[in-house]
Amino acid sequence: MDKLLVRGGNRLSGTIPISGAKNAALTLIPCALLTEEAVTLRNLPRLADIDGFQHLMTQFGVSHTIPGKRPEEFGRNVTLEAMRITSSVAPYDLVRKMRASILVLGPLLARTGEATVSLPGGCAIGNRPIDLHLKALEAFGAHIELAQGYVKASAPDGGLPGGEFDFPVVSVGATENAVMAAVLCKGTSKLINAAREPEIVDLCNLLTAMGAEIEGIGTSELTIHGVKSLHGATYRVMPDRIEAGSYACAAAITGGDVLLGGANYDDMASTIHALRNIGVEVTQEKEGVRVAANGPLKAHNLTTAPFPGLATDMQAQLMSLLCKAEGTSVLKETIFENRFMHVPELTRMGADIETTGRTAIVRGPVELTGAEVMATDLRASMSLVIAGLAAKGETTVRRLYHLDRGYERLEEKLQLVGADIERVGDD
Ligand SMILES: CC(=O)N[C@H]1[C@@H](OP(=O)(O)OP(=O)(O)OC[C@H]2O[C@@H](n3ccc(=O)[nH]c3=O)[C@H](O)[C@@H]2O)O[C@H](CO)[C@@H](O)[C@@H]1O
Ligand SMILES: C=C(OP(=O)(O)O)C(=O)O
């Protein structure tokens with residue numbers, strides 16, 4: 001297995017191109033199940049999760065082709081076509097590798113009237129239940145059974161009627177599944193306390209381009225008037241706000257000055273707010289978002305929350321940055337129960353972090369030193385790379401398959417701005 005060698009101390013400067021958003025792409029791809037016409041997605045990130053999801057789609061009879069040649073270095077365009085759904089079963093073997101696979105449930109049910117999808121199970125960062133996905137679909141008239149580790153959903157003859165669902169807690173995945181099912185319901189559906197992450201806006205925009213009728217896009221109350229059928233569309237995946245935020249932390253921890261090429265300033269508001277409070281300069285430029293760290297970094301308290309709050313997907317990276325900030329910072333993780341697995345690894349690099357339940361207390365600034373560390377999940381992996389960039393000596397990051405799920409050609413992008421980082425085969 002490959003590992004990353006990071007030799008810290010280089011100040012990052014230059015431009016990092018930001019890829020299409022993984023978490024948007026993973027809900028845009030299953031939209032192709034909703035129509036017999038072709039859906040072309042532009043700027044899909046080249047990531048293990050995207051390849052895995054495309055593979056899952058072939059299970060249902062979806063074809064993919066790559067239209068034309070793409071001149072850019074990163075990303076790719078893919079045309080997905082589900083002329084006929086040949087199976088509505090998502091088997092365990094394909095689903096277990098990706099929690100996002102559950103997002104085929106809503107569209108398969110809406111298009112064919114039935115869907116059998118393996119339960120995704122937990123993952124390293126927490127339990128990740130799907131009860132709200134199922135309750136929302138039941139509110140639309142679906143019949144749901146759980147048996148042998150599978151969800152079996154069916155619609156009444158003639159299709160799902162549609163209905164109203166009030167989410168007791170904000171759920172990104174359940175909102176996505178519900179929206180994808182509602183667009184083909186017979187009547188009007190209402191989602192109250194829906195998630196309003198930018199990735200959900202991206203989903204609603206693609207569906208609108210396919211002929212869906214959705215009101216309240218970008219708010220926590222969505223009204224969806226079901227339509228008889230959807231048509232094809234060509235759509236560009238939004239820039240990855242979490243990838244951009246991660247590189248912002250990388251630039252800041254090295255006292256660098258980096259342009260995040262193509263990043264969307266508004267989508268990054270909560271991360272930008274945190275960075276500014278930590279003492280990092282952030283400016284909106286025509287070509288993206290510029291991050292410069294010229295002065296000392298200051299401690300700052302952070303609490304993760306659904307959008308527009310601070311994304312849980314930014315917590316680990318900001319924690320690494322706070323290790324170099326003057327003072328004590330308190331970080332609270334409110335979304336996942338087990339998302340501090342980077343702490344013991346950062347501690348091995350010299351960090352001073354204490355955790356109690358879902359709270360971490362970070363004392364800084366500390367001198368970070370290179371060490372052999374093990375990546376435990378996607379954003380935890382990135383936090384170790386960020387710490388490595390500021391550490392004295394060499395850091396070896398192992399278990400790169402987590403990083404490869406979410407960061408397109410990470411080492412190449414960091415090399416572009418002067419980082420001393422390389423991927424080598426394990427010995
Ligand atoms: C609100 C939030 O920040 N969601 C994050 C979550 O999305 P993801 O869609 O994976 O998770 P949800 O948004 O659904 O989960 C939010 C909360 O709701 C709970 N829950 C969820 C579904 C359900 O059926 N029942 C239930 O109780 C979860 O345990 C969690 O505490 O992880 C993604 C990957 O890290 C992030 O990109 C999302 O920003
Ligand atoms: C945990 C993440 O992804 P996933 O939901 O695909 O596991 C993430 O994007 O930080």
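Student: Which residues does Ile130 touch, not counting residues up to four places away in sequence?

Tutor: Contact here means that two C-beta atoms, placed from the backbone, lie within 7 Å. Ile130 touches Ile102, Leu119 and Pro120. This is a predicted model, where local features need pLDDT of at least 70, side-chain atom pairs count only at pLDDT 80 or more, and totals for chains, interfaces and linings use all residues. Residues are numbered from 1 along each chain as its sequence is written, while chains are lettered from A and ligands numbered from 1 in the order in which they are written.

Student: Where does Pro129 lie?

Tutor: Helices (H or I, at least four residues) and strands (E, at least two) are DSSP runs, numbered from the N terminus. Pro129 lies in the loop between β7 (114-118) and α5 (131-139). Ile130 is in the loop between β7 and α5 too.

Student: Which residues does the UniProt annotation "binding site" cover?

Tutor: UniProt positions use the numbering given here, feature names are shortened, and annotations may be inferred rather than shown by experiment. The unreviewed entry's "binding site" covers Arg99, Arg128, Pro129, Ile130, Asp131, Leu132, Asp313 and Ile335.

Student: Which residue does UniProt list for "modified residue: 2-(S-cysteinyl)pyruvic acid O-phosphothioketal"?

Tutor: The unreviewed entry lists Cys123. Cys123 sits in the loop between β7 and α5. With 15 other C-beta atoms within 10 Å, Cys123 is partly exposed. Leaving aside neighbours within four places in sequence, Cys123 is in contact with Arg99 and Arg128.

Student: Which residues are around ligand 2?

Tutor: A residue is near a molecule if its C-beta atom, placed from the backbone, lies within 6 Å of it. Around ligand 2 are Asn23, Arg99, Ala100, Cys123, Ile125, Asp313, Leu378, Arg379 and Gly406.

Student: Why does ligand 2 lie between domain 1 and domain 2?

Tutor: Domain bounds come from an automatic or database domain assignment. Domain 1 (3-18 + 239-424) and domain 2 (22-236) both give residues to the shell, so ligand 2 lies between them.

Student: What is the strand order in the open sheet of four strands?

Tutor: Strands pair if DSSP finds at least two bridges between them. The order is β18-β19-β21-β20, with mixed pairing. β18 (302-303) and β20 (352-356) each have a single partner strand, so one side of each is left without a neighbour in the sheet.

Terms used: Buried ≥ 20, exposed ≤ 12 C-beta atoms within 10 Å, placed from the backbone.
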